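I opened this notebook to record what I looked up in the structure.

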Amino acid sequence: MKLTAGGRRLAAAALVQSLGIGLFMASSMAYFTRQVDLSANQVGSGLALAGVVALGTSLLGGALADRYGARRVLAAVYLGRGVCCAAYVFVTDFWQFMAVTLCAVACDRAGPPVLQALVAAALPERQERTRLLAVVNVVRNCGLGAGAMAAGVALASDTPAAYRVTLVAIGLAFLGGAVLVLRVPELAAPTAGAVPDAGAEQQVKSRVVPDARYLTLTGLNFLLFFFDTMLLVAMPVWILEHTDAPRATVSVLFALNTVLVVALQIPVSRLATGQRRTTRMLTWTGAVLAVSSLCFAASGSVAGGPAVAWLAAAVVTLSLAEVIANSAVWDLSIALAPEEQRGRYLSVFNLSVAGQRVLGPVLVTGLLLGSGSLGWVVAAAVLVVAGVAAERVARAAGERMRVEVPVDA
């Protein structure tokens, strides 16, 4: 697809900052444990606590975007993440690590909904927004992989100087992303302190909290976003503890998922055209995730090559569900949010994603995997129901908005 100048800058910003994230993800654990002398348990518990705290603070980003403009807030978020990465150079104990990590994770959680709000403010046409977000997602995945490979330099040398140079480079990557974001034009950036007319003010006050349908869709998206936890937690644990597939299968399937998402995300995003077709994609998501769950279940009852084949089928369908879900929720979460409250609505919707990443591993390890193949069958049934329910709720919300505020067809 041909991107506007603003779209190209957003894509470039996503590439630059994802390179930084990839560097950090691949090198940070070694830095904290080998150079700062933190234990792996301290790092893990610190990240988990920061993630829980950030669930609340992430709502602040949307409110600020509504008041000051998504462009300035997103640039501030990227800058904040860059400063935090650079600050890790000076961390010497657990409590300093916690202080910096809380700030870093809060910025990380605030970023996605503000990015969506900026895309909505920069592009007037609904389908263009979804396709740009698809491009950004593909670019981000490529950047993460490249950054992770570049981190090998620091890991190979394993010296304090190498890690510190890497952290400074990550900070500069986020700074570059902030500069690019500031050059993205907004169609109508809010003016701080501006006084709205009485009618608009009353409408804003009546929607400080998203309406019931939007909140319900947010809750259902918590279930549909299960693809993330299935891939990152359930898949490796299931392979290693419940199948006799080779251990190397885990890394091969992770790579397969990355390739499929990069290859399919943009083409699938073109299917999100019109309210009816886009809401139908939510049902598709639940159905395809259910097929993936059943494939995982089947892999536990066979051995050797058939087990690997079932696992590959599970990851292929999981990847397809991921790109379908992304395309649908990117479109609907923006389209169903009133313009004057878009940042707040998107921040609330993003809680379903952040919540899945906090609570999903607990559900997987405590319920799904503990029940063996039966757990996957139950998960399949729940996901089918969630997809159908999400379609109906989104369609009803769209019909209501057509009465209150016209929604692009």
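Entry on confidence. I began with the pLDDT of this predicted model. The protein chain has a mean pLDDT of 87, and 92% of its residues reach 70 or more. I then noted residues 189-202, where the pLDDT is below 50; this stretch has eleven contacts in the model beyond near neighbours in sequence. Residues 405-409 also have a pLDDT below 50, and I recorded twelve contacts for this stretch, again beyond near neighbours in sequence.

Entry on a helix pair. I looked up helix α9 (residues 212-224) and helix α14 (residues 342-368), whose axes come within 8 Å and cross at roughly 30°. The crossing of α9 and α14 is right-handed. On the α9 side, I listed Tyr214, Leu215, Leu217, Thr218, Asn221 and Phe222. These meet residues of α14, including Tyr345, Phe349, Gln356 and Leu363. By class, the residues of the contact of α9 with α14 are eleven nonpolar, five polar and no charged.

Entry on salt bridges. I found a count of eight salt bridges. One that I examined joins the side chains of Asp331 and Arg126, at 2.6 Å from N to O. This pair links distant parts of the chain, for Asp331 lies in helix α13 (residues 305-335) and Arg126 in helix α5 (residues 126-150), 205 residues apart.

Terms used
Residues numbered from 1 in each chain as written. Predicted model: local features only at pLDDT ≥ 70, side-chain atom pairs only at ≥ 80, totals over all residues. Heavy atoms only, no water. Axes fitted to C-alpha atoms, helices over the stretch in contact; angles between N-to-C directions. Helix = DSSP H or I, 4+ residues; strand = E, 2+ residues; numbered from the N terminus. Left-handed = near helix turned anticlockwise from the far one by under 90°. Contact = heavy atoms within 4.5 Å. Nonpolar A, V, L, I, M, F, W, Y, C, P; charged D, E, K, R; others polar. pLDDT = per-residue confidence, 0-100. Salt bridge = Lys/Arg side-chain N within 4 Å of Asp/Glu carboxyl O.
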